[in-house]
Amino acid sequence: MKLLLLSNSSAPGREYLDHAREVIADHLTGVSELLFVPYALADHDGYTAKVAAFMDGLGIRVRGIHTADDPRAAAGEAQAVFIGGGNSFRLLKSLQERGLTEAIAHRVTEGGAPYMGSSAGTNMACPTLRTTNDMPIVQPASFDSLGLVPFQINPHYLDPDPASAHMGETREERLAQFLEENDVPVLGLREGTWLRRTGGTLELGGIAAGARLFTAGAEAVEYAPSADLSHLLTLPARFDHRTV
């Protein structure tokens, strides 16, 4: 399995996806056409055009899955799949309605197609949607997502700011609440970071300050870019829910 899971698609002072250009190019080596899934935003054509402009610089054609007469067939034939960011509730609902959660997962796990996600697309690689940051603007049939990794990810992870006057929960507190109910680790990916999976190897990369791993009943663990996180792939391929 080949996965590239970005925390974010845009970085300050950089063009769209430019901060990850080299790793994207390497991840998509040998791919001539990329199937893009734009359902996290309302403007599917505009979103696809934005991705196509970036990928053109890598010599890769982009096809928006929304233009296919049969989206499931398009997913089943894709050389590679990229699910972009936006609202993850809208994204998952759209995937479920079109039968694409199973089709894309099968193409990636069994067909060997490289998968790339950013933000909401990275959430989709997890067992469930439950560690997204997004507002539930629509209601999917369930929170079950693609399950390409056996742990949860929180993209755009923000560290607590002691100087902030904000009185709501910090991201750390929200993830602690998640772990009170769910026995599955959560990796908080800071801006500018990504995960890359090749078979049984999982590596943290990026241009920024790395990630934090949250586990029930334990202190959070810090990881710097280039850290080997392959041990997370040995977790049971299921989602455990605690009844409390």
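**Entry 1: Arg190 and its partners**

I began with the side chains of Arg190 and Asp159, which meet in a salt bridge at 2.7 Å, N to O. The model I was reading is predicted, and I keep that in mind for every entry below.

I then looked up where the two residues lie. Arg190 is in strand β7 and Asp159 is in the loop between β6 (152-157) and α7, so the pair ties together parts that are 31 residues apart in sequence. I checked accessibility next. Arg190 counts as buried, because its relative accessibility of 9% falls under the 20% limit. Asp159, at 36% relative accessibility, counts as partly exposed.

Glu222 is partly exposed, with 47% relative accessibility.

Asp159, Glu172, Arg190, Arg212 and Glu222 are linked in a network of salt bridges.

**Entry 2: Another pair, and the count**

I noted the salt bridge between the side chains of Glu169 and Arg174, at 3.9 Å, N to O. The cut-off for a salt bridge is 4 Å, so this pair is counted at that 3.9 Å distance. Glu169 is partly exposed at 36% relative accessibility, and Arg174 is partly exposed as well, with a relative accessible area of 47%. For the model I recorded a count of 10 salt bridges.

In soluble globular proteins, nonpolar side chains tend to be buried together.

What does Leu195 touch beyond its neighbours within four places in sequence? I listed Leu3, Leu4, Leu5, Phe151, Ile153, Leu187, Leu189, Leu202, Glu203, Leu204 and Leu229.

**Entry 3: Helices α4 and α5**

I examined how helix α4 (residues 88-97) packs against α5. The angle is about 90 degrees, and the axes are 6 Å apart. That makes α4 roughly perpendicular to α5, because angles of 65 to 115 degrees are classed that way. I identified the residues that make the contact: Leu92, Leu95 and Gln96 from α4, and Leu100, Thr101 and Ile104 from α5. By class, the residues of this contact are four nonpolar, two polar and no charged.

**Entry 4: Val184**

Last, I looked up Val184. Where does Val184 lie? I placed Val184 in the loop between α7 (171-181) and β7 (186-190). Is Val184 buried or exposed? Val184 is buried, with a relative accessible area of 4%. I also took the separation of Val184 from Ala78: the two are 106 residues apart in sequence and 31 Å apart in space, C-alpha to C-alpha.

Conventions. Residues are numbered from 1 along each chain as its sequence is written. This is a predicted model: local features need pLDDT of at least 70, side-chain atom pairs count only at pLDDT 80 or more; totals for chains, interfaces and linings use all residues. Side-chain values use heavy atoms; hydrogens and water are left out. Contact means heavy atoms within 4.5 Å. Helices (H or I, at least four residues) and strands (E, at least two) are DSSP runs, numbered from the N terminus. Buried means under 20% relative accessible area, exposed over 50%, partly exposed in between (1.4 Å probe, protein chains only). Axes are lines fitted to C-alpha atoms, for helices over the stretch in contact, and angles run from 0 to 180 degrees between N-to-C directions. Angles under 35 degrees count as roughly parallel, over 145 as roughly antiparallel, 65 to 115 as roughly perpendicular and the rest as oblique. Ala, Val, Leu, Ile, Met, Phe, Trp, Tyr, Cys and Pro count as nonpolar, Asp, Glu, Lys and Arg as charged, and the others, Gly among them, as polar.
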